[in-house]
Each structure stands twice: as structure tokens, then as C-alpha cells.
Amino acid sequence: MSVRKAIWGEKFEAIEQSLSEVDADLYGYIRDFAYEEVLAREGLDLKTRELLAITSLIALGSPKELATHLEGALLNGASEREIRETIIQSALFVGFPNALGAMKMFHALLRKRSEA
């Protein structure tokens, strides 16, 4: 299975279309290098890679991408507790305001999933 499909889940086509519309060449690099080379490497499973992505995206202040990878972590076996602990851990290094925003986003995602 494609790494992108494993992370993006049912949003695969929408995310792929959205990224392609921004710039097809840039999306090609994201698709081929970031997802299908780096994220597909052996040595770390996708769950671990998604937890690392969450921390990095909290630090960068990239909420749209963070939302994608919060869901990707759940799709790849991370428990709610593991994600919460990842967000709490990130507060030490990237700041409490960033972690608080991420936690709010995560709780909103969980509410949305429970309503579906």
C-alpha cells in the first residue's frame, strides 16, 4: 500500500487533488521524495514516523498539515494516549501555547470521529 494512502486514509483523493492544484511539480516532490522515499524507509514504522511528524508540525505551527498527521497517526496504530503524550512532550521543547493548540485540534478530531 502507498504510504500516502496509509497516512491520508479516506482523504487520499482530496488531499492529492488539493496538493496537485497548488503546483503539480511541487506535489511530485512531496509525493515521490517525502512520502514514497523517506516515509517508506525501513527502520521506523509509520506510527512512530507520524508521532515524530506531529511534534515537528507543532513546532512549525502548521495546523492544516498537523491535522492530517494527527489522523494519520491514528490510522497507523497510535493510541489516543500515545498522541496525547506526544503533544504533552512537545510542550517542553516547542512551547505550551503550540502544544495547547495541538491538543485542542486533537480533541476536535476525536469529537468529529466519534460523531461519524
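In which helix is phenylalanine 106 found?

## Basis of the model

This is a predicted model, in which local features need pLDDT of at least 70 and side-chain atom pairs count only at pLDDT 80 or more, while totals for chains, interfaces and linings use all residues. Residues are numbered from 1 along each chain as its sequence is written, and side-chain values use heavy atoms, with hydrogens and water left out.

Phenylalanine 106 is found in helix H7; helices are DSSP runs (H or I, at least four residues) numbered from the N terminus. With a relative accessible area of 0%, phenylalanine 106 is buried, a term that means under 20% relative accessible area with a 1.4 Å probe, protein chains only. Apart from neighbours within four places in sequence, phenylalanine 106 is in contact (heavy atoms within 4.5 Å) with Leu70, Leu74, Glu80, Ile83, Arg84 and Ile87. Its C-alpha atom is separated by 8.4 Å from that of isoleucine 83, 23 residues apart along the chain.

The largest nonpolar core has 18 residues, of which Ile54, Leu66, Leu70, Ile83, Ile87 and Phe106 touch the most other members. H4, H5, helix H6 (80-94) and H7 each supply at least two residues of this core, and H7 gives the most, with six. A second, separate core of ten residues includes Val3, Tyr35, Leu39 and Leu46. Such a core is a set of buried Ala, Val, Leu, Ile, Met, Phe, Trp, Tyr and Cys residues joined through side-chain atoms within 4.5 Å.

## The largest pocket

About 1000 Å³ of space lies in the largest pocket. Of the 36 residues that line this pocket, Trp8, Lys64, Glu65, Thr68 and His69 are the closest to its centre. A pocket is an open set of points on a 1 Å grid over the protein atoms alone, where a 1.4 Å probe fits, with protein on both sides within 12 Å along at least five of seven lines; lining residues have an atom within 4 Å of a point. The volume is the space filled by probe spheres set on the points, which are joined across faces, edges and corners.

H5 provides the largest share of the lining, eight residues.

## Glutamate 71

Glutamate 71 lies in helix H5 (residues 63-75) and counts as buried because its relative accessibility is 14%. Its side chain makes a polar contact with the side chain of lysine 11 (3.1 Å); such a contact is a pair of N or O atoms within 3.5 Å, and within protein one must be able to donate a hydrogen and the other to accept it, with residues adjacent in sequence counting only if both atoms are side-chain atoms. Leaving aside neighbours within four places in sequence, glutamate 71 is in contact with Lys11, Leu109 and Arg113.

Terms used. Buried means under 20% relative accessible area, exposed over 50%, partly exposed in between (1.4 Å probe, protein chains only).
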